[in-house]
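Let's take a friendly walk through a protein structure. Have the sequence and the 3D view open side by side as you read.

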Amino acid sequence: MIVSTERPSPVATARRPSVVFVAADPSGVARIVIDRPDDAVNAINVMLLEDLATAIAAAREARPRGLVVASGKESQFVAGADLALLRGASAADAERASREMQRVLNELAALPFTTVAAINGPALGGGLEIALACDVRLIADAPGARVGLTETRLGLIPAAGGTQRLPRLVGLPRALEMILTARQLAPRRALKAGVVDEVVHPAVLLRASSEHAAHDRKRKPSGGRTLIERTATHLAPLRALAIRSARSRTLAETKGRYPAPLAAIDAVAIGLARGMTAGLEAEARAFGTLAAGETGRNLTALLALTLRQRRAAFEGLGDPRPVTNVGVVGLGFMGSGIAQAAAAAGLRVRARDRDAAAVAKGLSTIRELTTEGARKGVFDRREAARVIGRVTGGPDLAGFSHADLVIEAVFEEIDTKRRVIAELEKALREDAVIASNTSALPIAEIARDARAPERIVGMHFFSPVHKMPLLEIIRPKRADPSAVATAVATANALGKTPIVVGDGPGFYTTRVLSTMIGEAFAMLAEGIDVEAIDRAMTAFGWPVGPLRLVDEVGLEPAAHAGETVAKARGIGAPTLVNALVAEGFKGKQRGGGFYLYDGKRRRPNPRVRAIAGDTHGVVVEDIAQRLTFMLVNEATRCLEEAVLRSPAEGDLGAVLGFGFPPFLGGPFRYADANRHEIVSTLERFAAAHGAHLEPTESLRSRRPFFSL
Ligand code: NAI
């Protein structure tokens, strides 16, 4: 046998470690620097954890006077665990990962000298848990700096000691609040809550941290700043009371559908009652069960899709054009929200409305939104003043020649929108992109008479703009891919998740939602009660029922969107809603709608039943299934018709855009998990209520939408 000695030499395998130990400086302070070479946010993976363990061991050996744990990234501490860690993991795998992380952080906590975390950006989930294992925490007064244990949002719990160390640091009530709401605290809020010890200018973060490491004593956390916090943490009867009330609040809020918050409460309770070791044990076990459970998997899959989408949204598009100046036409409810979001993202905004009064009103809304944001700690006061200063406005298109992108948000009337486009074409640079924020009108219709329709796209924002995370970008057939890419890049800059969908009445989100609402109207006509419909849907997991939603949006816009979509799909448009509008019921803020409102109280509007006709013994148990399954069905039709590019965008659009229950993962993931039930139930509904409920081919086929 001949063995070749000419083997190719192995590729250089020396990898740069994710964490390094830096020996003590003359003041005696050593450093651990976290800087994962292949990841911008320092997400914790197996390598990073191993390297952290090695660095901690080196620190223990070196016995410096103090130690600073810092990040090597410019404005990023550690964003949490790498989701790849959980993909396909069994309960046992996940539990093991948690124990490993706990072990490493226990070693960090046990170092015999003072340790200081220098937080220079987001320290979330496992990132904050690293900081919690240090004795002292300093945070930079930087816009992106945040701390939070965000795991419950993913259907998980903090699994590296977070459920143990946070209550011991800030007291039980605050810790539960932070863990259960998954809230992220900006520097000053974090200081007030006692999560960090000091807020410092970013430029001096490392120096200040070193000083603390050199001079502070090692200390034991006290269980909160105030006496009340400490007694609620350490005194058994008061603690039991706090735990019990957190549990019942959580049950009421989650209706038992989200197991993570309850598991977090249990782990916290066990740890405080029986000690840290028992608490860590409970934490690891619960983490394993949750990570392998349906809800945890669906929620982590959604987050993975969201993270990927920033880049995936550009697929098949050209290069975006740079955007620094944005124009907004129509500074009403949506326009002012859009202008504010753009200014908050650092863009300069020039706005236009019909007259000076409308402009002034819009600008004042922008000021209010921004001041409110500052009050909530979204930005500091100086930044708030800068945001407000970035928006100017007037009753004409003066200044619009600088705009790189103009978003129109005028009335939902095709002629008004066409007129605005014509005016813009005269005022704008040739290469500026024009986007319409219509909620249902096809962009091709709006652009029908345009000289250059290739630069006209749709940017469908959701209300309220500053809160809603989705932006539906509509790509008409004639649009230049680089114009669409520009809209996608702007969505990213605004911190929104973009999905790119095909043009047509209602695009994706308005189309599926209107179809579902149309079915709810049909149910009313069959004699089912307003409240029965809404209650069935919230019990299923929807944030609000469809009829309350229509009241919120306003009956006229909902009817208009419904008609636009129904006409295109060849289904009859509902008459009930128009009859209500004719009687002066236009929505929650406008005389009531499907409900009548009296302050915070609401009761069903008796006129609905009078108009819809009397009940004749209707079977009501299928309400939520009929509405949800038909929505899923319509979503699959959007994929078949290439309105959607991918099931991923369909799931993101439904969950982030109109509240499809996130624990179900989105219509496509839900369809994959329940295909047989959905198809057979829809067939039954179709036989009883009409062919519009027939399941689509793609639902009938056995091919899953997702390969995983
Ligand atoms: P709105 O009535 O609050 O605002 C419209 C604004 O446009 C008003 O300030 C009006 O004075 C101004 N305007 C009308 N014609 C104009 C013109 N020719 N030039 C300059 N300004 C003009 O309406 P809203 O709710 O802000 O809706 C605007 C657009 O956003 C509509 O197309 C609507 O379908 C869409 N949309 C609305 C959502 C909502 O929840 N309200 C959600 C998503 C999209």
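Helices (H or I, at least four residues) and strands (E, at least two) are DSSP runs, numbered from the N terminus. With that in hand, Phe 507 is found in the loop between β16 (497-502) and α19 (509-526). This is a predicted model, in which local features need pLDDT of at least 70, side-chain atom pairs count only at pLDDT 80 or more, and totals for chains, interfaces and linings use all residues. Residues are numbered from 1 along each chain as its sequence is written, and side-chain values use heavy atoms, with hydrogens and water left out.

**The whole protein**

The secondary structure of the protein comes to 28 helices and 18 strands. Its radius of gyration is 28 Å, close to the 27 Å that the globule rule gives for 708 residues, so the protein is as compact as a globular protein of that length. Here the radius is taken over C-alpha atoms, and the rule is 2.2 Å times the number of residues to the power 0.38. Along the principal axes, the C-alpha trace spans about 80 × 80 × 60 Å. Of the 708 residues, 54% count as buried; buried means under 20% relative accessible area, exposed over 50%, and partly exposed in between (1.4 Å probe, protein chains only).

**Two covered helices**

Helix α4 (residues 162-170) is mostly covered, with nine of its nine residues buried. Among them are Arg 165 and Arg 168. Just after α4, Gly 171 takes a positive phi of about 95 degrees.

Helix α25 (residues 623-640) is mostly covered too: 15 of its 18 residues are buried. At 1.5 Å a residue, those 18 residues should span 26 Å, and the end C-alpha atoms of α25 are 26 Å apart, which agrees. The expected span is 1.5 Å times one less than the number of residues. After α25 comes Ala 642, whose phi is positive, near 60 degrees.

**Around the ligand**

Which residues come nearest to the ligand? Of the 22 residues around it, they are Met 334, Asp 353, Glu 412, Lys 417 and Ser 439. A residue is near a molecule if one of its heavy atoms lies within 4 Å of it. The table shows some polar contacts, which are pairs of N or O atoms within 3.5 Å; within protein, one must be able to donate a hydrogen and the other to accept it, and residues adjacent in sequence count only if both atoms are side-chain atoms.

| Residue | Atom of the residue | Distance to an oxygen atom of the ligand |
|---|---|---|
| Gly 332 | backbone N or O atom | 3.4 Å |
| Arg 354 | polar side-chain atom | 3.1 Å |
| Ser 463 | polar side-chain atom | 3.4 Å |

The protein covers 80% of the 830 Å² of accessible area that the ligand has on its own. The elements that give two or more residues to the shell are α13 (333-344), α16 (414-427) and β14 (456-461). The largest share, three residues, comes from α16.

**Backbone details**

Pro 464 sits in the loop between β14 and β15 (470-475).

Phe 507 has a phi near 50 degrees, a positive value in a residue other than glycine. At 1% relative accessibility, Phe 507 counts as buried. Asn 42 is not a glycine either, yet it has a positive phi of about 60 degrees. Asn 42 is buried, with a relative accessible area of 0%.

Notes: Accessible areas come from the Shrake-Rupley method with a 1.4 Å probe; for residues, only the protein chains shown count as cover.
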